[in-house]
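Please look at one residue in its surroundings first, and then at one of the interfaces between chains.

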Number of protein chains: 4
Amino acid sequence: MSPNKVALVAIYADVLQIGARNMQNFDLLNAVGQAHKPVLLKRGMSATIEDLLMAAEYILAHGNNRVMLCERGIRTFDNKYSRNTFDINAIPLLKELTHLPIVADPSHAIGVRRHVSPVTLAGVAAGADGLILETHPDPDHAVSDGDQSLTLPQFGELMNQVRAMAEAVGRSV
Amino acid sequence: MSPNKVALVAIYADVLQIGARNMQNFDLLNAVGQAHKPVLLKRGMSATIEDLLMAAEYILAHGNNRVMLCERGIRTFDNKYSRNTFDINAIPLLKELTHLPIVADPSHAIGVRRHVSPVTLAGVAAGADGLILETHPDPDHAVSDGDQSLTLPQFGELMNQVRAMAEAVGRSV
Amino acid sequence: MSPNKVALVAIYADVLQIGARNMQNFDLLNAVGQAHKPVLLKRGMSATIEDLLMAAEYILAHGNNRVMLCERGIRTFDNKYSRNTFDINAIPLLKELTHLPIVADPSHAIGVRRHVSPVTLAGVAAGADGLILETHPDPDHAVSDGDQSLTLPQFGELMNQVRAMAEAVGRSV
Amino acid sequence: MSPNKVALVAIYADVLQIGARNMQNFDLLNAVGQAHKPVLLKRGMSATIEDLLMAAEYILAHGNNRVMLCERGIRTFDNKYSRNTFDINAIPLLKELTHLPIVADPSHAIGVRRHVSPVTLAGVAAGADGLILETHPDPDHAVSDGDQSLTLPQFGELMNQVRAMAEAVGRSV
């Protein structure tokens, strides 16, 4: 992703997302730091907690303080049954280390549609401030990421569970 | 741990625990497979889901079918702020792959007392059938694992949260 | 790194290096693919062999076929005594999978000056086509990467060993 | 492996090998520490350098000081083209941290016959004191580990290369 496309994207998008593979593309971080839109910074697949916080500093240092940090799964030795390993520890650790909101991305983390819901609920239970979930009216024919996309009924059911769980721990959706 | 100690331990213990470092100590697995006590088999710190299931087969093949599988954190590149990475994905994956009950061990997984509760709640939300939690009346002076042991009031509060969360998803404690 | 800086750098530099953190900065890969200078593509710290080869395809697809692949160490669970883990396997694997030359970067891989030489010799023995080594007349006072930079006498001695080793396996420097 | 088999094995074997999966089977380490035979201690697939040294201490503490440490590959995120990742860094690091001899096991580390030779030469170049290589007169029909076993001609050729390389760095075989 090129920094000089940021201004154009910022006209139309509500949130600027920095993908995991660009978490340390420093010129791009600087560019979104100068934009007037919130930024969702996704954790690189082998970025430590500290790497993620340091990447966020590039954005903050340029005056954009509307930064959300996103846990989307890390690379580990075990990738037979899932795409990445959702790092649930990262949620309480980041909540302690920074005031920035923490968003969970269970879709990319586990990468298997029928297992997205339990990982989502786990993210909420651990304290995530937000969720990013892939849904599709017909995921089996999606152009991209269909394997991990929820159907619309699955999404509706999951949101009911999320609400119930949030209330159980004194939070609201 | 030596296989010939199993018979003695089995007289006094309610459950035989195979530690993570012995998950592939095959003679020991064979020995507990012949015992008449339930077995808690802890996942090795770099064991894949498949390695864990195959280790359980050694116990089952000797006639002991009361085996619980325990996720206790895996080794990843990120170990500055936590002891291990709790593999939350493992819970729904194992629930699908086996009928054996899945126990979460958040204490060893994150290894930091004040973060044990969110990881515990995440484990319950993801579908864990059981929990193993370290508690201590005075953890700062514990002989072993004090850093990750809950105080008794913390444990009591956590159990209330676990109950509320379980009920929210239609389960009971 | 911004793609629009490539043309300027290409005027002065003999080789364009893509750093490990930008291995999947696809706009940048496209830009160096259009430049008329050789490219040293460093493997990301958690990039698989396949990720590296696919990243090289972005450069090749734009018409620049002077691409060198560089192994510079991967992220593993063991980082107490070294900075990264030099993936020696990657050298024979890449030699088989691609015709592109393979360069070893032992300095970044182990990150400790006194251990750079054995890892360098290992890289040569495994079949590396090139080496990238950090040297400094006074590494203890270097602005960057001093811990892993060889002194000039160390570099001279290492080059003698490299020559001897290359000859032993029928190659020349 | 059961500790009470050690005495029997020690009658017939020249060297007692502790397999990677038993590196932290502490009762077994204690038992070989009391035997009067050299011990080859293989590094666990996710054991740190420090874990390996601490495991060796169990043997040494029981009076057996003829211990060899063996690097046989670690578990990383990249396992498509090789079985494990040979940790070449471990050789110079261990040579500095301990006086015990370091043995390289390239067969298990890369797990692919045609790539065993380059990894072997790398191990020698990095300073390994010994090698353990799997060979078989007809590896395609071997009962175990055939994929990583050298044919006898391959083994002969490799030993010639090892000798040449050792001499190049002032060592002898």
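A:A109 lies in helix α5 of chain A, residues 106–110, where helices (H or I, at least four residues) are DSSP runs numbered from the N terminus. The model is predicted, so local features need pLDDT of at least 70 and side-chain atom pairs count only at pLDDT 80 or more, whereas totals for chains, interfaces and linings use all residues. Residues are numbered from 1 along each chain as its sequence is written, chains are lettered from A in the order in which they are written, and side-chain values use heavy atoms, without hydrogens and water.

With a relative accessible area of 0%, A:A109 is buried (under 20% relative accessible area, 1.4 Å probe, protein chains only). Leaving aside residues up to four places away in sequence, A:A109 touches A:R72, A:G73, A:R83, A:N84, A:T85, A:F86 and B:N89, contact meaning heavy atoms within 4.5 Å.

| Item | Value |
|---|---|
| Residues of chain D in contact with chain C | 39 residues |
| Residues of chain C in contact with chain D | 39 residues |
| Area buried between chain D and chain C | about 3200 Å² |

Buried area is the accessible area (1.4 Å probe) that two parts lose on being put together, summed over both. Six salt bridges cross between chain D and chain C, each a side-chain nitrogen of Lys or Arg within 4 Å of a carboxyl oxygen of Asp or Glu; C:K80 and D:E50 meet in a salt bridge at 2.8 Å, N to O.

Key: Helix = DSSP H or I, 4+ residues; strand = E, 2+ residues; numbered from the N terminus. Buried < 20%, exposed > 50% of the residue type's maximum accessible area, 1.4 Å probe, protein only.
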